[in-house]
Structure formats: C-alpha cells, structure tokens
Amino acid sequence: MKTIIFALHDRLPKYKQIYEKLKSMIEQGDIQANEPLPSIRQLAESLNVSRNTTLMAYEQLVAEGYIRAEKRKGYFVNEVEPLFIPKTQVSLRQSKNEPTSPVVVDFRADAVDTAHFPLKAWRRISNQVFTSANCFHYGDPFGELCLREQIAVYLLESRGVNAEPNAIIIGSSTQQMLLSLGHILKDEFDSIVVEDPGYDGAREAFEFHHFQLETVPVSEAGVNLSSLGKVSSRLIYVTPSHQSPMGVSMPIQQRFMLIQWANKVKGYIIEDDYDSEFRYTQKPFPALASIDSSRVIYLGNFSKSFLPGIRLSYMVLPLPLLDRYQQRFRLFESTASILSQLAMAKFMAEGEWRRHIKRMRLVYKRKMEHLTSLLRKAFGDMISIIGEQSGLYVLIKVHSDYSEEQLLRSALSHGVKVYPTSRYFVERRPDRPIIKLGFSGLSLEDIELGVKLLKKAWG
C-alpha cells in the first residue's frame, strides 16, 4: 500500500486520529495481514502532517501489536486474531488486487515553479559561498549579519517595515520560530487568539506551550474583529496580507483597529506575512509592523517565494522581547544552515532576489488566471472560487451533497490529488466542503489536465 488519504479534524490530536483510522482498517480487514503500510514520509505527505505525527501513530500501533517494523523494509500489518474483531464488522475491501489510480496531477500548495527557478544564478552563488572561509563555522546563533542586513533593506522597501538588522532573528521555519517565541511569551501570557479557520501549524506550536486558544471568525468576506473586546487574551496571531487559508486581505481600517487593541491591552500581534510577495490585483498592502512596530512581531520566510528546501525564515522582534529572546537563546546554535544564509544574502545583494520576485509574480498570476478560468468553465455555479487575488493556491467551495472526504476520494480515483481545509477550522465548520488547489508547481498544461480530470470525478 503506497498511500492512504482521509480527512483529519481538530477535535483530537492528529496522531491519534491516524492511529484510530489505521487500527479500524486493520480490524475490519481493509488492510490485510502482512500488507506493507506507507512509509512515514509517504503517509505524512499524503495527509499533509509532520513526520513526527505519523511516527507517533505507527509507534502506538506497534506497541499494541497491530503492526510490526522490519529493518530496512518498513511497517507491515500483523495478523489479528478473530477474537479481537467484532463479528458485526464486515470488510469493506472489494478486492485485494483492485488497482488504484496513480496521481497524475497533484494540486499541492507547498511547491515552486521549477521551470522558472533561477538555478544557474543560485548554483553560481552557492559555489562561491562554499569556497569562502565563513561557511566553515557554526555562525551567529541569531542569524548571519549579512543576511539580516539584506532582509532589513528588503522589508523597508517592500513592506514598509523599518527594522534594525539586530532585531531580526533567522530560523529554519515559521513553526520553529513560533516554538522559540513561545518560550519567552509564556512567561507573561497564558493564552492567545487565533484565526478560525487558520494555519494549523501555528496552533500546534502554541498548544505545545499549553497556551489556551481563543478564536476570531474568518469568512470569505474577511476576519471579524468585533469579538476582540470579549476575549481575555493579550496575544493574537494573524495572517493579514493573505489570510491562511481563506485568502482574504485585512483592510487598513481593521489593521488600525488591531493595533489599537494591542496598545490598549498592552499585548502583541504576531503577524505572519508568509507569501505577501504574490498579490495580483494591486500592490501588496503595507505590513502591520509598518504601522506600529512596538506591538507587532513580524514573521516572514523564503519557503513560499523561493524554495521550500532552503529552510530559511525570519522574525522581527520589538525591543523588550528582543532583549529577553537574546538572553534566553544566546547559548543555542542557529537552526538555519549557514550555507543557505550566506548564499541568500549574496543572492539578495546582487539583485537576483528582486528579479526573481518580479518574474514569479507574473508567472504565478498567469497560472492563477488560467486555473480560475478553467474552473469556472468546467463547473459553473457548482463551485465558488475563494482567494484568487493573491497567493499560490485557491479554495473552491463545492455546492453539492458530497462531503469533503468523498470529494477527495473521487478526485484521487481519477488521478488528481486535492487537499482538505477541515484541518484549518477550530470551532466553526463551513456549510459546504471547501477544497484547496495549489498551482505553483504545475505547468499550464498540468493545470488544464487536472481540471479536466476533476470534472470527470465530480461532474
């Protein structure tokens, strides 16, 4: 078995949901004795979760005897005694040898356009960096100064954020930055407001530090901040430039309202500006941190706009938090590769970064327009398209009686992999299933084929 896909929700830890699902499939005979399970990596990618999450699920199944790990081979299903299988359960497997459709088009959102990637320039700069003496040591625990200086210039020019290089912290990912940030915030705060729906990776980081979560609702029209007066939290995490996942942008009136709230409660706003470079209908909005940097913790990354594998993110801290952060982590090594930091600093200094962003904004705009045009022609009133003004994905609300899981399975049976949004919701649920379609890693031909196959699957 190469892949398994099913919807996850937020009412239970994800590893427990995976464990329960696999346990049920084994007990019911849907996965038979001695059949191989997907690798930890394959299952993590299929369900869009971390490898640690799938590893925990597998370890629990191993501990209970449902599966076994064979060295260098993977995980296999053990034979379960009939005594442990309820007699009322009937296997849903129709045929062990029933063929499954291979994935022909994968609408994943965490990919980049390889055809337009500046490979020649990046390889040249990386080779130059590798021969320099600077790459043969561990580096600054808070990030290389040359990269922090380049980021400071870029933020001022593109986002209006006036940041001192010393106030910028470099790390390996947004989630890792949030984990580190949580270590200093939990000394003063015990709860945080998050968007609903919102980025689940951020919630995981906050829950790791046992923050209590409060929510503000987000719809296709935008975030509703009217409930802020009723919350007890003095921290809020938002994605104002391109809300994750709904794709809406926060208007300037709400940005001022949020800043006023943070000043009133003497709290902080965590602004995740994860893909603000790619706005197609008008120029990117100024960042919250450009309005009041004393109350905003600004997060950015190079994963969405450049290359996921580079593992480079950054954070701009207000002065009181910066002092505490530097004291807490002064003896820790940086989580970001010094090679990647030095190469990116040189890439930016030579103007390659600006040229790359300018080029990719046009490339992705064309893909977005191509995808939305094809979707409207194929499905008409059957769907509503959400978030087509910016970003590297769109959401489609499907007006039918099918559930999210049914839509995912039907698409996969026709060779198309699309992604759920239920994992982003906390207390609310949409009235119709909403499916996520990323387009950044696909060619125009791939996009056209994918929509045709989706039409057959959902037609």
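In the hairpin of strands S1 and S2, three residues sit between the strands, and arginine 72 takes a positive phi near 65° there. The two strands, S1 (residues 67–70) and S2 (residues 74–77), pair in the antiparallel sense over four bridges; pairing here calls for at least two DSSP bridges between two strands. Strands (E, at least two residues) and helices (H or I, at least four) are DSSP runs, numbered from the N terminus.

A word on the model itself: it is predicted, so local features need pLDDT of at least 70 and side-chain atom pairs count only at pLDDT 80 or more, while totals for chains, interfaces and linings use all residues. Residues are numbered from 1 along each chain as its sequence is written, and side-chain values use heavy atoms, with hydrogens and water left out.

Further along comes strand S8 (residues 235–238), which is covered on both faces. Leu235 and Tyr237 are buried on one side, and Ile236 and Val238 are buried on the other, where buried means under 20% relative accessible area with a 1.4 Å probe, protein chains only. In a regular strand, side chains alternate between the two faces of the sheet. S8 pairs with strand S9 (residues 268–272) in the parallel sense, over four bridges, and tyrosine 237 has isoleucine 270 of S9 as its bridge partner.

Another sheet is open and has four strands, in the order S12-S13-S16-S15, with antiparallel pairing. Strands S12 (383–386) and S15 (419–420) stand at its edges with a single partner strand each, so one side of each has no neighbour in the sheet. Inside this order, S13 (residues 393–398) and S16 (residues 434–438) run antiparallel and are joined by five bridges; tyrosine 393 has glycine 438 of S16 as its bridge partner.

Helix H12 lies across S13, S15 and S16, running at about 40° to S16. The axes of H12 (residues 404–413) and helix H13 (residues 444–458) come within 8 Å and cross at roughly 120°. Axes are lines fitted to C-alpha atoms, for helices over the stretch in contact, and angles run from 0 to 180 degrees between N-to-C directions. The two helices are therefore oblique to each other, oblique being whatever is left once under 35 degrees (roughly parallel), over 145 (roughly antiparallel) and 65 to 115 (roughly perpendicular) are taken out. Leu407, Ser410 and Ala411 of H12 make the contact with Leu454, Ala457 and Trp458 of H13, contact meaning heavy atoms within 4.5 Å.

Technical notes
Buried < 20%, exposed > 50% of the residue type's maximum accessible area, 1.4 Å probe, protein only.
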